[in-house]
Amino acid sequence: MRRTWKQLNLKLRDFLASLCFSGPSFVGMLLFYIIPFGIVVYYSFVTGAVDRSFAGLKNYRDVLGNGAFQIAARNTAVFSALAVPLAVVLALALAVMLESRIPLKSQFRTFFLSPMMVPIASIILIWQVLFHANGAVNEFLRVFGVDKIDWLKSDYCMIVVVLLFLWKNLGYNMILFMAALSNIPRVLLEAAEVEGASEAYQFFHIKLRYLSPTVLFVTILSIINSFKVFREIYLLTGSYPYQGLYMIQHFMNNMFNDTDVQRLSAAAVVLAVVIVVLIAVLFIVENAFGKDVEG
Amino acid sequence: MRRKRYFSRTVCFLLCALFAVLFLMPTVLTITNAFMTQSEITANYGQVFQNANDGKSYISKRINLKFIPDKVSFTQFFTVLLKSPDYLLKFWNSVLFTVPIVLAELVVASLAAYGFTRWRGRIRDSLFFFYVILMLMPYQVTLVPNYLVSKWLGVYNTRWAILLPGAFAPFSVFLLTKFMRRIPVAVIESAKLDGANEWHIFWNICLPQCRSALYSIAILVFIDNWNMVEQPLILLEDASLQPLSMFLSTINQGEIGIAFAAAVIYMIPALLLFLHGESYLVEGIAHSGSVKG
């Protein structure tokens, strides 16, 4: 029985048409991300590239028990714990300040956003001038009688990278908060104003409540961005940084060099699971919090 | 009450000004220092870049951070642009990675976003969720599959190892879908009643309405790829294929005057794009503010 295109069920037609349009993207995603990731999962459970017998959780135990991996995971955790709260709170503060009636507002927005567009590789030179043992920051601190600190080769190294991270990411987060702030119903704030609510009261009881989904989104985004800070660290310190700056990507680069595909796969799967859990938390909380203000 | 408002506004302004200075300082310093003569910059920063010392130049004992050069000089720029083909080659490499990826992503994403817009339902939502998850995966996760695929296809250590996965990156699909879904269904339905086919609706109705969205996505994708470090580090062994971002991190050993000039030349395309398209960029970021389709 032949059916012509016109006789086909309308819904099915829509479905097939949109499949045609999305097709290239689906194929690309399958080919370059999803199927190979499935194979990565498979590799993480076998013993070797040649002898592919089931290894159970051995690769995972190797990765998780590896001293270098533990250092990298701890450093990443420390970095996230320092950088993420600052990235959220400071970005919110900037957004709130830019909301008040001050002169040069749009210029300030441009200035805060500009680091996002400056390639980090371009800025590395000046960062080294600032934070070298003989650098400008030490020179400045010397005035106050502070001893020389070798910023990138001591336990202070995290501070340098946190500053670079904030410099780069605050603008993006600030725009997200500004967009959310402008979506708060004006009527509500005006009513509060008429009833004599202070600015602090308005902020904590009205604005923050409406912002809660955005706060969560920015938090998750910042956590994920904090996994990407390897780029900055690599450009600042190369492949072999001070131990306090050794990140998970450094650990994985070594395995790429040894073409240790099994453990590499296990590490990738572990990270993927961590990210998926984070996103799941975001979705659950956004659903729970978002509903009562959206309606 | 009014006086209190005025006071808090002044504090806000001063804080913003302070932050603005901190945010601008690294960029401005890099740009102004690029105009210093080689001898001046060696004298100022010789203490930091040890290898820059050729034993002959004067180096000040203390580091000397300066905004304004004593003598404005353009020779470093000429050296970068005319005398050292290495920089230009690496710059060209960056262009050859970034421009094709931006164009390919725009084509793939606008088709896919249209598909996601026209098709509503459970399966669509879960597929879209999948894109979101992939979009949020850091390089540590995606590079392992990319590495394996590049080996199978035999493109490891060639440009294609980076271009092919780059063309299908999920971020642009995610963002463009959010823009396209704002086009009212009624517009599409009425076009259909008038006898327009799907391609016609896509090309003549949906795409023109997304022009600013396409521009903001192009900017975001551009800056991400202009900055690339992770992919070339893993997928390219050949030094001659590396983009300028990788190269800049290694040149501080050489003449620092030239390094500063190269850094400035490298940031020019990104800064021009920013100055021209800032409002589009802001709109694009604002729309990425929720993971829901």
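Which helix of chain B comes within 8 Å of helix H5 (residues 120-131) of chain A, axis to axis? Keep that in mind while you set up the view. You are looking at a predicted model, in which local features need pLDDT of at least 70, side-chain atom pairs count only at pLDDT 80 or more, and totals for chains, interfaces and linings use all residues. Residues are numbered from 1 along each chain as its sequence is written, and chains are lettered from A and ligands numbered from 1 in the order in which they are written.

**Stop 1: across the two chains**

Select H5 of chain A and helix H14 (residues 256-287) of chain B: this is the pair in question, and their axes cross at roughly 145°. Axes here are lines fitted to C-alpha atoms, for helices over the stretch in contact, with angles running from 0 to 180 degrees between N-to-C directions. Helices (H or I, at least four residues) and strands (E, at least two) are DSSP runs, numbered from the N terminus. The crossing is left-handed, meaning that the near helix is turned anticlockwise from the far one by less than a right angle; clockwise would be right-handed.

Now show the side chains. A:Ala121, A:Ser122 and A:Leu125 meet B:Ala259, B:Phe260, B:Ala263, B:Tyr266 and B:Met267; contact requires C-beta atoms, placed from the backbone, within 7 Å.

Zoom out to the whole contact between the chains, which takes 76 residues from chain B and 76 residues from chain A. On the chain B side, the largest share, 13 residues, comes from helix H1 (residues 2-33). That side has 57 nonpolar, 13 polar and six charged residues.

**Stop 2: inside chain B**

Chain B has 14 helices and zero strands, and 46% of its 293 residues are buried (20 or more other C-beta atoms within 10 Å of the residue's own; exposed means 12 or fewer, partly exposed in between, with C-beta atoms placed from the backbone).

Next, pick H4 (residues 85-118) and H11 (residues 211-226) of chain B, whose axes come within 9 Å and cross at roughly 145°. This crossing is right-handed. Residues making the contact include B:Phe97 and B:Ile101 of H4(B) and B:Phe222 and B:Trp226 of H11(B). The contact divides into eleven nonpolar, four polar and one charged.

Then find B:Asn157, in the loop between helix H6 (139-152) and helix H7 (160-167) of chain B. B:Asn157 has a positive phi of about 70° although it is not a glycine, and it counts as partly exposed because 14 other C-beta atoms lie within 10 Å.

**Stop 3: back to chain A**

Bring chain A back and select helix H7 (residues 157-182). Where is the kink in H7(A) centred? Go to A:Asn169, where the bend is about 40°, taken as the angle between axes fitted to the seven residues ending there and the seven starting there. Of the 26 residues in H7(A), 19 are buried.

Finish at A:Leu104, in the loop between helix H3 (67-99) and H4 of chain A. A:Leu104 has a positive phi of about 60° without being a glycine, and is partly exposed, with 14 C-beta neighbours inside 10 Å.

Definitions and conventions. Contact = placed C-beta atoms within 7 Å. Nonpolar A, V, L, I, M, F, W, Y, C, P; charged D, E, K, R; others polar.
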